[in-house]
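Hi there,

Here is the structure I promised to pass on. My notes on what turned up in it follow below.

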Amino acid sequence: MSWYKRDLTPYKAAMASALAALFFSCAETPPSAARKQDTRFDIPGYFKAEIARLNQSLPTVNKTVVKDSLSESKTLKISNWTDELASFSTVDLNKPAYSGLLKKDSTANKIVYTATDPKIDISKVEITFTSENKPKAFVIERTIKNSLYQTKEVLKYQADSAYSLNKSQSVLLLGDRQYQIESAFVH
């Protein structure tokens with residue numbers, strides 16, 4: 001096959017051009033052209049830090065649990081704050097599913113996020129800040145609906161003061177249930 005010598009220079013040039021075009025098309029988009037991501041307050045991050053702090057200090061709380069009409073109160077030390085505050089730490093306003101569906105309204109010491117679509121589970125989140133711009137209180141309203149049940153929750157948390165969970169649930173064929181947990185830190 002020594003008689004068949006082909007000049008590959010044009011093919012090499014075309015291949016190099018194609019690779020260069022592919023490389024530059026995958027390059028990062030400049031910030032001015034990039035789609036702006038609206039980042040909201042990091043609720044899971046806040047509660048992760050709060051849980052670590054509370055697990056370290058192990059404060060005593062007065063806790064009252066009400067289910068329908070039955071009530072029980074105790075003073076106790078919570079040994080697992082991850083479980084205790086799980087309802088709060090699962091609320092993530094930065095989920096892609098909420099993109100464009102939360103309206104933000106803010107003042108000097110308060111941010112309120114309100115759902116613009118009733119189909120998402122978050123209805124409203126209100127965060128109040130201290131004068132040092134540290135979160136001091138949360139009010140979270142959620143509604144979860146499907147063909148079998150509907151749950152409405154109102155979660156409240158005041159740093160080093162109190163937290164509560166009010167939940168009403170309507171389950172098909174089982175009826176309505178009411179749950180309430182009220183906890184206050186003992187100082």
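Helices here are DSSP runs of at least four residues, numbered from the N terminus. By that count, Glu50 and Arg53 both belong to helix H2, where they sit three residues apart, about one turn of the helix. Please keep in mind that this is a predicted model.

**The sheet**

Let me begin with the strands. Nine of them make up an open sheet, in the order S2-S1-S9-S8-S7-S6-S5-S4-S3, with antiparallel pairing. The edges are taken by S2 (70-77) and S3, each of which has a single partner strand, so one side of each has no neighbour in the sheet. From one strand to the next, the twist averages 10°.

Two hairpins are worth a look. Strand S7 (residues 149-158) runs antiparallel to strand S8 (residues 162-171), and 10 bridges join them. One of the bridge pairs is Gln158 with Ala162 in S8. Three residues separate the two strands of this hairpin, and Asp160 in the turn has a positive phi of about 60°.

S8 then pairs with strand S9 (residues 175-185), again in the antiparallel sense and over 10 bridges. Here Lys167 has Tyr179 in S9 as its bridge partner. This hairpin has three residues between its strands, and Leu173 in the turn shows a positive phi of about 75°.

Elsewhere in the sheet, strand S4 (residues 110-115) and strand S5 (residues 122-129) are antiparallel partners with five bridges. Thr114 is bridged to Lys124 in S5.

Helix H2 (residues 43-57) lies across S5, S6 (135-145), S7 and S9, and runs at about 60° to S7. The Glu50 and Arg53 side chains meet in a salt bridge, with N to O at 2.6 Å. Which of the two is buried? Glu50 is, since its relative accessibility of 8% falls under the 20% limit. Arg53, at 34%, is partly exposed.

**Other salt bridges**

The whole structure holds eight salt bridges. Among them is the one between Lys63 and Glu84, whose closest N and O atoms are 2.8 Å apart. This pair ties together distant parts of the chain, with Lys63 in strand S1 (residues 60-67) and Glu84 in helix H3 (residues 81-84), 21 residues apart. Lys63 counts as buried, at 16% relative accessibility.

Another joins Glu126 to Lys124, with 3.9 Å between the closest N and O atoms. Glu126 is buried at 19%, while Lys124 is partly exposed at 30%.

**Surface and loops**

Leu148, Tyr149, Leu172 and Leu173 form a nonpolar patch on the surface, and together they have about 460 Å² of accessible area. Leu172 belongs to the loop between S8 and S9, and counts as exposed because its relative accessibility, 52%, is over 50%.

Finally, Ser99 is in the loop between helix H4 (86-89) and strand S3 (102-106). Ser99 is partly exposed, at 34%. Its C-alpha atom is separated by 9.5 Å from that of Thr39, a residue 60 positions away along the chain.

Note on methods. Residues are numbered from 1 along each chain as its sequence is written. This is a predicted model: local features need pLDDT of at least 70, side-chain atom pairs count only at pLDDT 80 or more; totals for chains, interfaces and linings use all residues. Side-chain values use heavy atoms; hydrogens and water are left out. Buried means under 20% relative accessible area, exposed over 50%, partly exposed in between (1.4 Å probe, protein chains only). Two strands pair if DSSP finds at least two bridges between them. Axes are lines fitted to C-alpha atoms, for helices over the stretch in contact, and angles run from 0 to 180 degrees between N-to-C directions. Contact means heavy atoms within 4.5 Å. Patches are made of residues with over 30% relative accessible area and no salt bridge: like charges are joined within 9 Å, nonpolar side chains (Val, Leu, Ile, Met, Phe, Trp, Tyr) within 5 Å. Accessible areas come from the Shrake-Rupley method with a 1.4 Å probe; for residues, only the protein chains shown count as cover. A salt bridge is a side-chain nitrogen of Lys or Arg within 4 Å of a carboxyl oxygen of Asp or Glu.
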